[in-house]
Each structure stands twice: as structure tokens, then as C-alpha cells.
Amino acid sequence: MTDTTNPTAARVDSGSMLLLILQARTFIALILVFVFFSFAAPNFLSAANIVIMSKHVAINAILAIGMTFVIISGGIDLSVGSIVGLCGMVAGWLILNGINLGLGWSIQFNTFEIVLIVAGVGVLVGAVNAFLITKLNVAPFIATLGTLYIARGAAMLSSEGRTFANLNGNPEYGSDTFRWIGAGDMLGIPVSIWMLVAIGLFAAYISRRTPLGRYIYAVGGNEKAAALSGVKVTRIKYFVYMFSGFCAAMVGLIIASQLVASHPATGDTFELNAIAAAVLGGTSMSGGRGRIGGTIVGAFVIGVLSDGLVMMGVSAFWQTVIKGLVIVGAVVIDQAQQRLQAKVALRAQAALG
Amino acid sequence: MAATSMAPTDQAEKHPIGLTIRDGVKVYPGTRALKNVDFDLRMGAVNVLVGENGAGKSTMMKVIAGVERLTSGRITIDGRDVVLTSTKDAARHGIGMIFQELNLFPNMTVTENIFITREKTRAGFDIDMASLREETRALMRRLEQDIDPDTPVGDLKVGQQQIVEIAKSLAQNARILILDEPTSALSAAEVEILFRVIDDLRGQGVGIVYISHRMDELIRVGDYITVLRDGAITGSQSMEGVDIPWIVRHMIGESSKDFAKEIAHDFGPEVLRLEHIRAPNSHGSFDVDDVSLSLREGEILGIYGLMGAGRTELLECIIGGNTTYKGEIYVRGERVSDPSVAGRIARGIALIPEDRKRDGLIQILPIRENMTLSSLSALTKGIHLSLKRELGVVRDFIRRMTVKIASPEHEVSSLSGGNQQKVVISKALMTGPSVLLMDEPSRGIDIGAKAEVFRVMRKLAADGLGIIFVTSDLEEVMQLSDRIIVMSNGRISGMFDIADATETKLIEASARGHGGGHGGGHGSGHPPAQPHSPAAGPEGRGTEIHAAEDASR
């Protein structure tokens, strides 16, 4: 560190070049995966297939966006898969039964109201997570593991484990448009993709251009220092878990609408896919680092990979192994990038004398 | 206890030299921590080591303990040259060091702690617990302590934990034992026990190095004294005839450095008043005990005291990091009611924490984001943060504070200690404070950066800011302060106008009331101040951490 004064210029350049490649690695991986499958899998590049694939990806990507904020803040949210299931059941119940107050009549809702209520349920579970973590000092892993079971159990109880089928809604109540969420499109692009775009842009804006976003990174980077700098840590944690719950609720709606049914086991292990996408996109599990854009690209890599392998006829078992290898590889490369980045910064600093 | 008048030959016979350093030089990037030191460690005696912050005491001991290596110079043990590359290496040569922050596993028993990584096994894997327990008992008998080998270490008092650390070193046949500020967290009774153990060990021929800031202790327990200043040894002799003025003279030197010339200015009205602040700790006593003070605009108030005196805790009460305190705080005559840090910052209070790494900076975020973290609302319209204005403000502060950086987008961890400190100061100043709290602002930064930080402090005061700064450095507090408060055991034990403050008075006041059962320095959740060396991080529980910290500067 002390003797690197003169020959640094050239090395800084080559270092920066390599750094750039490493930083863009997820994107490069996505392009490689795309190119590979467009040769290896027939019809891979057809418009219909791209749309189907994107719809698959959107589900995981929306969850992963919420997860990214949680992980950046230094936490983890294992409950998102269960929230997906619970919110699907809530949506199904509301469409089929409305709310029966036991007075001989029931309240029925239109699609918009159902979306609001379901979103509220997701946010509420997120708030419970945040309450456990901030006020009761439960470790995020344990707190959200608990809500994972509670929410899943509640979903099962809501229908005694049965499926709510035929969620076509009722034109009289204005809930017949429910199917549009999963099946409709605007300008030829499915609604779920639009939702991904909207949530993605919102989250990216929050993370880059608002104090709230800055605080999320600060809390994850060093909670004590953030608190002493005047960041209201509790409030930030409430936001990230509630936002994660909101994202999960949206996914619950999308799936229930796509299937025109809601099953209480929906969303099982989705949280792991969301974590994988975030990590693949460069989010650090120790907090403080990560990008919404990276997470979305990460979700696309995972989604394209699994759909492409299906189209190639690779066995589901091998798919799982390949997915695991990609995730481990991504984290190993991430470590290398961090080291290089620190080195480049130190060298530039040392060059100042 | 100390040997009475002896001829040099007598000394050599009674206390043979066990270890020597000759021409020891240790260079860190940007600083020379040790400058050609010659040090003799005498066996069967207590060799005390004193010096101010960053004088090189800890560096020298780390060299002996194998944590650091000399840049140049020789170490000999029993007349033979040795190279100590690791703590294991040092342990093989019979050297053990007990760090200020104990290096124990609270969840494991005394026996398990003493023999960790050196467990005796049958057939290579089955731990022979019975024999380890027996050895532990023997060690405890040797130390005359009644500690059950099966007690989890976490259940022991801090003083007993220290005994366990000593036993751990003895179990490795340590003949040289280095104690780094061993009494800083102990109660008076525990100190007595420790001194008895030290006496016994001395009788058994163990060479003890004893680092402390408490002058009365040094004089009581020491046989030989070595004083360090700025990495050089300024005095080394037997303890005979040594008194506090002698030590202070050698610590400070005759001609003191001039940090910053006083810019004459008048003080404004009162800007901060504290009334009866008391902060309880988890041990049932008080970290801060009934502190009242007042600060005027443009005034620099120095708070001097030893580690664990409650200075850092007091600042935490003022900034709102501690919410369990009782008492009132007034800014410009108005009571501060908002308990949160954000509320305090809004009222014009800003803190520069003692431990930059842990409390001051978010290491993995860029310099820019660290600087503006406390003042983002000023750069925001609605919810939209103006990155352009942010960069403008950051550039402005980088220029004003003369922060040397390649780019504001680099991670703050790539900066040197001095530049990191300037980032922390910038962050505090960006909030537009009227009261600035600075906790050991010169800790871990080199002399040049130090002078700049002090110049900035002077200028801020001249601009009407009220500054409270905490330091364990006598020279600093004398040079910079308009008024000095000395804290001891959570209380204000002395208040001096700069005109009639002297080093001796401050030291005496800082030792007042010690041994009053203040056992709560550690484990109370608050970072104890660590005045002895910039090289030792507060999380310096283990040798690796120490080494890593040094390397990163």
C-alpha cells in the first residue's frame, strides 16, 4: 500500500476494466443464458415464449424486490412465500364469500377493493415481522420463520386445506374483472409485467433518490452509526418489512388470478427463490449493499435458466442442481469483486499520497 | 515491596533481564510508532510502562507478544535473538499478554477457556476433562483463587475473568506476563486481589509488564518504570525515587508541542446546560452520576478523565443515544424533550463518536453518502433527494476540511484514519450544529491530521460553536480547552479554568474516588474509553483483530 505510487496508473486502468466486467456480471450472465438457449432450445426466442417466460419471472422478481430492501437493511424475510399463499386465500375468500358479519347478509367487494384489502393483509404481516424484530428484539431469521408458519397455517385454516376454485367473480359486485390481473394485458404486455415495472421503478427510485433509500443502506451497513447519525432505525425496518409484505400480497393476487383459483399451499419455498435472485443480483447478505436493477436481472437469470432448461428437456432434478451451482458461483464472484473494488479504491487513495 | 537501594549488580542478580529490545523501530503507514527503543524486561519484577495516547506502549507490547513485528531492531530472550511472528510463537517463548478487552468465551467453563485449542485428549479426540479440571484447580491454587473450574466464565465477575486470563497464560508456562490496563474495569476489592496475584507471580520469578494510566497504582505496584513519549523512551529506571511529577515530566516533556494558536474571541450566551444527568448501568450503579454543567457559545470545554470515568456515556446522554438517563438538557435555555437522536440533531447538537469504525461511519458506503447521512432532509424536496445539490455540498466540505480523497464515490473504508475523522466531522457540521460533542477526536490519527482537526476546532469555536471534547491526553486538554472538567467514577471530580489548571491537578482529580466499587466499566453495553493507544481498537479482543486494524490504517 505504501510503495504503490508510480506504476499505479496502468494498473488502476486494468483494475477498473476488470471491475466493470465484474460489476456487470449478472447482466453478462443473462445475455449468455439468452444466447445459449436461443440456439439450444427451439422456439425460445418466439414472442409468445418471451411473454410466458416474463410472466414466470415477474412473480419471483416482485418478491425479490421486496426481499432486496429487507436484505440491504441487514435482515431477512422468510415469510414472503407464506404471505403469497395467505393473500391468495384472502382474495379467493373475498370473491367467493365476501365478508359475512353473521347478520344474515354479507359485504361484497369489487376488484379494486379486494386488491386493497389483500395488500393490507400483506402489509400487516410485514408490520408484525417488524414489530417482532424491532420492539421484541427477535432475530429477523427467527421472527420471519415464525410468521412463515403462522401465515401458512392461517391459509390452510381458511379453507380447511381445500382450494377456492372458480374465482371468476360476480359482475353484480364488480369483481368479475379479477381475472384481468393475471390474464389481461395493456398494449400487448401482460398486467403482471406492468406491475413488475411499476414496483421495480418505484423501488429503484426509493433506493437511489430518496433519504429513505439512503437510510435503508445505512441501517444495513452499520446500524449503530446510523442511529447515532439520527436515522430512525425502527421506522426504516418497519418500512422494509411492510414493503416486502406488500410485494408478496401482489404476487398472491397475480397467482390467484392467473389460476382462477387459490390453493393454501401456493408460494411454498418462494422465499428461497427471492433470496437467490437478490443474491445473484449482487445483494450482500450482510447488509448495506445491493441494487434493485441487479435483483431484477438476477430474477431473470434464474427464470430464463429454468424455463430454458425445461424447453431443452433437461430433467427437473438437473435443473435444481444447475440453479444451485449458478447461485454459489455468483456469490464467489461477488467476493472477488468486493476485494478488487477495495483494492482499486485503496490504490487510488494511495496515489494521492 | 520494591527493592530498596541496591547496586546495579545486585539488581541484575535479583532481577535478571529476561527480554530485551534493541533499536526497535515500528513503522505504520504514515507514522513511526516506535523510534529506536531500547527496553529491558526484568524477571521476578513488575516493569511498569506509562505514556500518553499513541506514545507506543501498546505497540511495544504487541511486538513482544507476537501480534506485531518490528520493522527493524532486535529482540533477545535470555540472550538469544528471537523472531516472534505470532502469539503462538510468543507463547512458546513463555510470553503471555492479557488484553484490556478480555479474550474469553463467556458461554464456556473456566476449564474449557483455559485449555481452549490445547485440550488434552485421549486417542486424539476424547477430551480428558477430569485431568484438565485437576490442572485448573492446581492453577487456581497457585493463584490463591477460589474459582470453580466448571463455572461458565460469563457468570464470573470481571476481576475473576481476568484471573482466568492470567491462569490461561500460566497454563502455557508463561514466564513473561503483559497486563494492558488490567485495573480499568475492576472494583477496589478486585484490584487488591489482582495485586496480590501479581505479588505472588513476582515471587515465583515471573516477569510482569504492567501498563496503566493510574499513577498511584504504578507507583505502588512497580519495581521498574519505563516512560514512552511519541514512540521514544524518555525515562527508564528503578521505581525508587519516582513520584507523580517525575512521571508527568517525562510523559509530557519540557517543551510542549503547539497545536494551535489561540484565536482570541469572547464567549457568547449559554448554549447548552445539563442538570443532574444520571445514567444507570446494568450493574446497579451509575455510569454518569449527577453531572451538571453549562457551555457557552464559542467555548471549548475539555473533559479529561480515565477510561470508564463516564465521559463517553455522558456524551451519549446528550446526543440521545442513551435513553435511560434522568436529568434535564437545555439548548439555548429551552428544555430538550425529544429523546431521539434525530430530535437532538434538529435542536443543534452533533456528536463525533469516539469509535469511528463502529459508531461514526458506515464503512461500506461511499464517502459522499456518509457525509450527508445526518443532513439529507436539507437536500430533499418532498421525497426527492437532489443528488446534484448533495454532491455540491460534499465537494464544498471536502475543500473546507481539506479531506484528501481520490473520489467521493469511494468507500469510506479506503481512507486513512485522519481523513475518516474529517468525514465524520463534516457529517456533524453539515447538520448546522450549535453544540459539537467530540469524543477523543484525535484518536488513531497521525500528528499532521491531529493538528488540522485542532485548527478546525479552534476556528469553529471562534465562529461561535460551543464544543465539548473528551480526551485522555493531558497535553491536548491543556492546549485546546478554555475550561476543563475532570470526571472520575461518573462524577465531576474537578473543574478548572485554563489559567489555573496544571497537569498534576488534573491527574489527581482523575484518580479521585477510584476504587469506589465502580465495577461497571465493562459489560454495561457502552464502549469504555480506551485512552492508552490509537492502535488498539475497542473491539480489540483478540490479537488478529488488533493486527487487522493496524493494517487497515
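Mentor: Let us begin with a term: a nonpolar core is a set of buried Ala, Val, Leu, Ile, Met, Phe, Trp, Tyr and Cys residues joined through side-chain atoms within 4.5 Å. Buried means under 20% relative accessible area, exposed over 50%, and partly exposed in between, using a 1.4 Å probe and protein chains only. This is a predicted model, in which local features need pLDDT of at least 70 and side-chain atom pairs count only at pLDDT 80 or more, while totals for chains, interfaces and linings use all residues. Residues are numbered from 1 along each chain as its sequence is written, chains are lettered from A and ligands numbered from 1 in the order in which they are written, and side-chain values use heavy atoms, with hydrogens and water left out.

Trainee: Which residues of the largest nonpolar core touch the most other members?

Mentor: That core has 98 residues, and the members with the most such neighbours are I62(A), I65(A), F69(A), I114(A), V118(A) and F178(A). Contact means heavy atoms within 4.5 Å. Leaving aside residues up to four places away in sequence, F178(A) touches A91(A), I95(A), T111(A), I114(A), L167(A), L253(A), A256(A) and S257(A). There is also a second, separate core of 59 residues, including L102(B), A167(B), A174(B) and V227(B).

Trainee: How is the packing of two helices to be read?

Mentor: Two packed helices are described by the angle between their axes and the distance between the axes. Helices (H or I, at least four residues) and strands (E, at least two) are DSSP runs, numbered from the N terminus. Axes are lines fitted to C-alpha atoms, for helices over the stretch in contact, and angles run from 0 to 180 degrees between N-to-C directions. In chain A, the axes of α9 (residues 211–221) and α11 (233–259) come within 10 Å and cross at roughly 105°. Angles under 35 degrees count as roughly parallel, over 145 as roughly antiparallel, 65 to 115 as roughly perpendicular and the rest as oblique; α9(A) and α11(A) are therefore roughly perpendicular to each other. On the α9(A) side the contact is made by L212(A), Y215(A), I216(A) and V219(A), and on the α11(A) side by V233(A), I236(A), K237(A), F239(A) and V240(A).

Trainee: In which order do the six strands of the open sheet in chain B lie?

Mentor: First, the rule: two strands pair if DSSP finds at least two bridges between them. The order is β6-β9-β10-β3-β11-β12 (chain B), with mixed pairing. Its edge strands, each pairing on one side only, are β6 (95–98) and β12 of chain B. The twist averages 15° from one strand to the next.

Trainee: What are the pairings of β11(B)?

Mentor: Strand β3 (residues 46–51) of chain B runs parallel to β11(B), joined by five bridges, and V48(B) stands opposite I225(B). With β12 (residues 232–238) of chain B, β11(B) pairs in the antiparallel sense over six bridges; there T226(B) has S236(B) as its bridge partner. The hairpin of β11(B) and β12(B) has two residues between the strands, and D230(B) takes a positive phi near 50° in it. Five of the six residues of β11(B), residues 224–229, are buried, so the strand is largely enclosed by the rest of the structure.

Trainee: Are N166(A) and V260(A) buried or exposed?

Mentor: N166(A) is exposed, with a relative accessible area of 57%, whereas V260(A) is buried at 14%. Each is a residue other than glycine with a positive phi near 55°. N166(A) is found in the loop between α6 (140–159) and α7 (178–183) of chain A, and V260(A) in the loop between α11 and α12 (270–280) of chain A.

Trainee: Where does helix α10 of chain B lie?

Mentor: Helix α10 (residues 311–319) of chain B lies across β13, β14 and β16 (326–331) of chain B, running at about 115° to β13(B). These strands belong to an open sheet of four, in the order β14-β13-β16-β17 (chain B), with antiparallel pairing. Its edge strands are β14 (286–296) and β17 (334–335) of chain B.
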